[in-house]
Amino acid sequence: MPSSASNPGHQSSLTARPRPPVKKIHPGSVGFDFDGVVADIGEAFIRLACENHGHCSISIEEISSFQVEHCIDIPRKIVESIFDDILQDSLGVGLKPMAGAVETLVRLSRVADVTIITARPDIGPVQDWFDFYCTPRSRGHIRLVATGDHDNKETFIRQCGLQHFIDDRTLTCLQLAEAGLSPIVYTQPWNRNQHHLPSVADWDEISGLFDFSAAEGQG
Ligand SMILES: [Mg+2]
C-alpha cells in the first residue's frame with residue numbers, strides 16, 4: 001500500500017515495460033501482500049480524504065508515489081491520519097476488496113493454504129476483514145502474517161516456504177528479486193514505470209497464474 005513513511009521510494013534506472021509471469025505457478029508457492037493487492041486501499045484513501053478531511057479532488061492516477069504526500073497536495077499529518085484510520089479499523093472505514101480478490105483467494109484456499117503477509121504492525125484489523133469477507137471454511141485456510149516493517153518481508157516469505165510474492169510496493173519487490181525470490185508487482189499508479197519485474201494488472205491476471213484444473217483435479 002502507499003504510505004506516509006519517510007523511506008524514499010526506489011526508482012530503478014531500468015524502466016523497461018513490465019512483463020507478465022510466463023509459467024504457471026503452484027497455488028501453495030505464492031504469498032500476497034494485503035493493502036493495494038487484496039484490499040483497495042487507494043479507493044479507501046481517496047474516499048476518506050474527502051469525507052473526513054475535505055480533500056475531494058484527488059484521483060487515483062495522481063498517486064504516483066508510494067509516499068503519498070510526495071505526489072498530492074495534502075498535509076502529511078492528514079495523510080498519516082487517513083492511513084492510521086484504515087490500519088486501525090479496516091472494516092469500519094469500509095476498506096473494500098479489489099475486484100475478484102476474494103473469489104480467487106477462496107478458490108485458491110480449496111487447493112492450498114493461502115498466505116497473506118502485510119507490513120502492517122497489527123494483524124487484528126486484517127483478521128476482522130477476512131472474517132467478514134470469507135466463509136469460515138476458506139478462512140481456515142488463510143494464514144495472516146504482520147511483519148511491522150516494509151523491508152523485512154523476505155524473512156517471513158521464506159519462513160512460510162513461499163517462492164513467489166505479489167506486492168504493490170516497488171522497493172519490496174526489488175528487494176525480493178535481489179534475494180532470489182520471485183516477486184510479481186501488482187500494478188498500481190504508485191509503481192508504474194519503476195521496475196522491470198513481472199507484473200499483474202488485476203485479479204483476473206492473478207487467477208491466470210495458476211493451473212486450477214490440475215490443482216482442483218488433485219483435490
Ligand atoms: Mg501493499
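Me: Two residues count as in contact if their C-beta atoms, placed from the backbone, lie within 7 Å. By that rule, what covers the buried residues of helix 3?

Reply: The cover includes strand 2 (114-118), strand 3 (142-146) and helix 8 (203-207). This is a predicted model: local features need pLDDT of at least 70, side-chain atom pairs count only at pLDDT 80 or more, and totals for chains, interfaces and linings use all residues. Residues are numbered from 1 along each chain as its sequence is written.

Me: Which residues of helix 3 are called buried?

Reply: In helix 3 (residues 101-109) they are A101, T104, L105 and L108. The term requires 20 or more other C-beta atoms within 10 Å of a residue's own, with C-beta atoms placed from the backbone. Across the protein, 35% of the 219 residues qualify.

Me: How do you know where they lie around the axis of helix 3?

Reply: The arc, taken from the directions from the helix axis to the C-beta atoms, is only 100°, which puts them on the same side of helix 3.

Me: What makes strand 5 enclosed or open?

Reply: Four of the five residues of strand 5 (residues 182-186) are buried, so strand 5 is largely enclosed by the rest of the structure.

Me: How do you know which strands pair with strand 5?

Reply: Pairing needs at least two DSSP bridges between the strands. Strand 4 (residues 164-167) has four to strand 5, in parallel, with H164 partnered by S182. Strand 6 (residues 199-200) has two to strand 5, also parallel, and Y186 stands opposite V200. Both strands therefore meet the criterion.

Conventions
A residue is buried if 20 or more other C-beta atoms lie within 10 Å of its own, exposed if 12 or fewer, and partly exposed in between; C-beta atoms are placed from the backbone.
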